[in-house]
Amino acid sequence: MIEIKNLTKYYGDKLALRNISFEVREKELLGLLGPNGAGKSTLMNILTGFLASTSGSVSINGHDILEEPTQAKKLIGYLPENPPLYPDMTVREYLKFICELKGVPPSTHEKQIAEVLSLVKIYDVSKRVIRNLSKGYKQRVGLAQALIGKPEILVLDEPTIGLDPKQIIEIRNLIRTLKKDHTIILSSHVLAEIQSVCDRVVIIYDGKLVAMDTPLALSKKMSGSSRLSLTIASDSELIADVLRSINGISRITKLREEVGLLQLEVFSDPGVDIRRDVFEAMAGNAWPILDMRMNELTLEDIYLSVTAGAEQKGGGA
Amino acid sequence: MIAYYKRELFSYFRSPIGWIALALYAIISGFYFSSWIPNGGIDLSGEATFLSGILFMIVPIITMRLFSEEKRTGTDVLMYTSPSNLAGIVIAKYFAALSLFLIMNVVFGIHMIIVVYFGGRVDAVTIGSFLALILLGSLFIAIGTLASAATENQMVAAMVSFTALLLSQFIYVFSAQFRSLTVSLLSALNVFGIGSESIANAGAGVEKAINWLDPYAHLDELFIGIIKLQPIVFCVMADIFLVFITYRLIEKRRWSQKA
Amino acid sequence: MSVRGKIINFLDLKRNRRIIRDSRSGSLKRYAIGSVLVLFGIVIAVNLLVGLLLRDFQLDWTATQVTAISPETEKVLSELPVDVQIFGLFEKPDNVQNSIYQFFIPMLERYEAASNGKLTVKYVDPDTAPSLIAGLDPAGMTTLSKDTFVIKAGERLSVIDPYDCMAYDSIEYSANNRLVIVGNRIEMVFTGEISYLTSGDLQKVYFMKGHQEFGNSYVASILKYQGYDCFDLYLDESGEIPEDCDLLVLNLPQQDITETEAAILSDYLKSGGRWIVVCDFISVNEPMDHINDLIGTMGVSLTTDLILEYSPEHLFSPDDNKYARGIVSSEYAEMFGVYYAAVGRSRNVRINDAANESVSVRPIITSSALATINPYGVIDENQTSQGMYNYAVRATSSTPDSVGDIVVLGTGYLSGDEFLSGIGAGEENARFFGNIILSMTGRQNATPIPPKAIPSYVFTSSPSVSQQTLWSVILIAIIPFLFISAGIIVYYRRRHQ
């Protein structure tokens, strides 16, 4: 069980994490979602003891990471964004080293290594030098390293980054298998990934925890809201007002304004398809629509809508 | 701890670095040795002295990678997130470098055997000089380890240790400079009416204090065959101190706010 | 947000950060720095402690105990009647290893330690302390220059040049003008001077001069150690042997003494004088009639025959029977504790048959029974003269009033500077000579301290040229090549693995 309380981290003057608090339950698969630079890696680094927070506490099964580091770290297997591999070692040599490092009893080294090699499906490259492996294999060796010692908790920072689709699916399946025996914290900036495996999702944006919920609940919040990208061959100032009058439009953003051209982003309320209304409104005013398309919500959108929603409900997420 | 020791030591030999260091040391010492054989005899303490004089070039090669590489490739995560004792890891790396140095010095042992084979003399002077060489090496490696922990760039680490080790041969020059500096400073501030002899004494004291840091001075008597306890204690304590600083530097991550 | 708002936000952040930071990281930082300083303190403390308390804790494994002092010196130092100060007139060098002082400084430390505070050693640069120099020698009787040692005991003063304390390879010096140190006589010199300065009456030894004698500084320093005052005597000029002469030495003259001298010596001997005569093969063609007349009265003659040793056990090298291991006669062997003495080319010292009843003549060092004697340059193929011959002989005569005492040596290898530094047994021989003197002057209790040999690093089974090349190739080429190829192999294997 992991408890994170009021975690704050300053990098010099820059605030990376603001007062983050949450819990991870046993055998739970928690997803950390957030754009690049949001602070996910920082959070994971602090969680595993690689960095020290400026304030706040992390406790792993009751052991504070700063006060009882040995006990806490024994429980964690960490795969950072860049897997900590020694390029000059072979896979087997490396894993043996990890066994020694983690204090695995020597009699079980071979057994552990064999288990991990087959689990992560890198048995056939076990004699190869890490430097010569492909990115996909390197990632898997990194995962293997985290699994050595059968730690209760796995912290995986972007485990599928840089992998091809087939490998991604394999890793996801693997993670699902591991879920049975481990508590896992997973981070990604791809929503779909988080959604497919995680029990709960924590959204980090700009160092703040902005949402914590099950994927189902989150997607409910996402679905419906859509974003329309509109290009009109007119620069009339009335366009925005007319759009605003349409029912179901929650927000309008001007993207680009030129002589005779206007590019906008129009956000609609959940469940409302405003395309017809927009078409009619534009046509009625003889403002030619050059381009109208529906865009996927980005994380930023999600954030904005979630925070907007939170603000509307009076704070807290 | 042992994990890191084994890893580091083997990695010296998995890459060309360890082999090159061995070959270089063997060639240089071999040249010195071979140039003396035609003279009909060789005092190996001379070779030990000679080798101690080139350590400032050899040691940075061994130590430059120790910590800077870890930082650069990101494998330092393992150091901090594993349940192993960080102090143990620092010590293990130091000893790995030291072990390589000892292995390099096997050639000196080979030279000793050759000398005995030809009926030459291997006596306390030789042993003392060899011991001094090893102690000096251990000290320099500690300095190199510290330099490696201070930066991410192995070239910078190498340069810094190279310079530091080279300058250590000239401590007596610095101490003399500091002495005159102290004297002129105190003379300029002669408001307190300090007698000129006290000023001179203060200057001499400064010089003496700085000279005390000179490892070559401490090891002097070892080089002539007198095995005294004091130089050994000096070097060992200095090693411990430097490794401790290295540990604190590495440990800095625990509380640093800039990382 | 307005500008004002932004500024407030920023300052707030800074303040918060400072507060937050101070709480934990600050204390950890202070702890880290503090621990480093504490350890620094401990390191300095330990070093000081060891430096002070365990200063004398050292192992001197050098074969000749280069810095150890002998029991004789310890005895002298523990019985010092007055305080002794030793001054090194130079700045104590930091890098002792490369200077000649590497032999002195550690040894003098031992002197200081063994003296229970009665002996102190200081190093002073005379340029910086002229008052000290003036204080040492108020009467200005000696010149105190830089880079020498001064021993002062009470009013007496002695100056020692460090270079005099070493024995040098005479061949190197004469051939290449290079000072190659082969022996270390420091202890002998220093203890000798200390004894000399602190003792009461000293016996006096006079070295005869004026006959192109070889050097005798070696012997003189041995004698000084034993508390003899040594002087030069130009007998021909002075016309008399001083009253206080306890021993007269004629060391390796290249020409005969004069008639006048012979007459003086005759009286001297008759009244119980002691005389050592050393003549070696170099002067063999010089007729030493006067000398022979004198020693003839004691039943000894210095012949012009040279001894060649043929017993293999008594030769150092089978091809060279000039350099032999002389056998010490049992009387002296028991007294001195040595059974052999290295002698080089030597004259035969003959004990005359028709000896005086009142004279007792016995050999000190003899050859084996397989030696021959031949005039210089003559090679005796058939060894017709095979027999036992004398390298050194002692003769004492007893008249009702006193005992005349002479020792005649046919070899310079016990007392000549050039000979002693040139052979490997120099210190033993010098000690032997010192023992002879002691047995003559009756001071049996003091034993001379042998000088210490600087070890020679010469190969005793030197490699041949081909062996040299072989080993050079192995060391410079083969071994490194093996390392590099191993490295290359490992590199390529793992590159594609």
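The legends below describe close-up views of a predicted model.

Residues are numbered from 1 along each chain as its sequence is written, and chains are lettered from A and ligands numbered from 1 in the order in which they are written. In this predicted model, local features need pLDDT of at least 70 and side-chain atom pairs count only at pLDDT 80 or more, while totals for chains, interfaces and linings use all residues.

**View 1. Chain C as a whole.** Chain C has 14 helices and 21 strands. Helices (H or I, at least four residues) and strands (E, at least two) are DSSP runs, numbered from the N terminus. Chain C has 497 residues, of which 37% count as buried; a residue is buried if 20 or more other C-beta atoms, placed from the backbone, lie within 10 Å of its own. Among contacts in chain C between residues at least 6 apart in sequence, those that join residues at least 24 apart make up 72%. Two residues are in contact if their C-beta atoms, placed from the backbone, lie within 7 Å.

**View 2. An open sheet in chain C.** This sheet has 3 strands in the order 16-12-18, with antiparallel pairing. Two strands pair if DSSP finds at least two bridges between them. Strand 16 (346-351) and strand 18 (372-375) of chain C are the edge strands, each pairing on one side only. From one strand to the next, the twist averages 60°. Strand 12 (residues 300-308) of chain C is joined to strand 18 of chain C by 4 bridges in the antiparallel sense. C:Leu306 has C:Asn374, in strand 18 of chain C, as its bridge partner.

**View 3. Two helices of chain B.** Helix 6 (residues 86-104) of chain B packs against helix 8 (residues 124-150) of chain B at about 135°, and their axes are 10 Å apart. Axes are lines fitted to C-alpha atoms, for helices over the stretch in contact, and angles run from 0 to 180 degrees between N-to-C directions. Helix 6 of chain B is therefore oblique to helix 8 of chain B; angles under 35 degrees count as roughly parallel, over 145 as roughly antiparallel, 65 to 115 as roughly perpendicular and the rest as oblique. Residues in the contact include B:Tyr94 and B:Phe101 of helix 6 of chain B, and B:Gly137 and B:Ile141 of helix 8 of chain B.

**View 4. Where chain A touches chain B.** Here 23 residues of chain A are in contact with 21 residues of chain B. On the side of chain A, helix 2 (69-74), strand 6 (76-79) and helix 3 (91-101) of chain A each give two or more residues.

Definitions and conventions
Buried ≥ 20, exposed ≤ 12 C-beta atoms within 10 Å, placed from the backbone.
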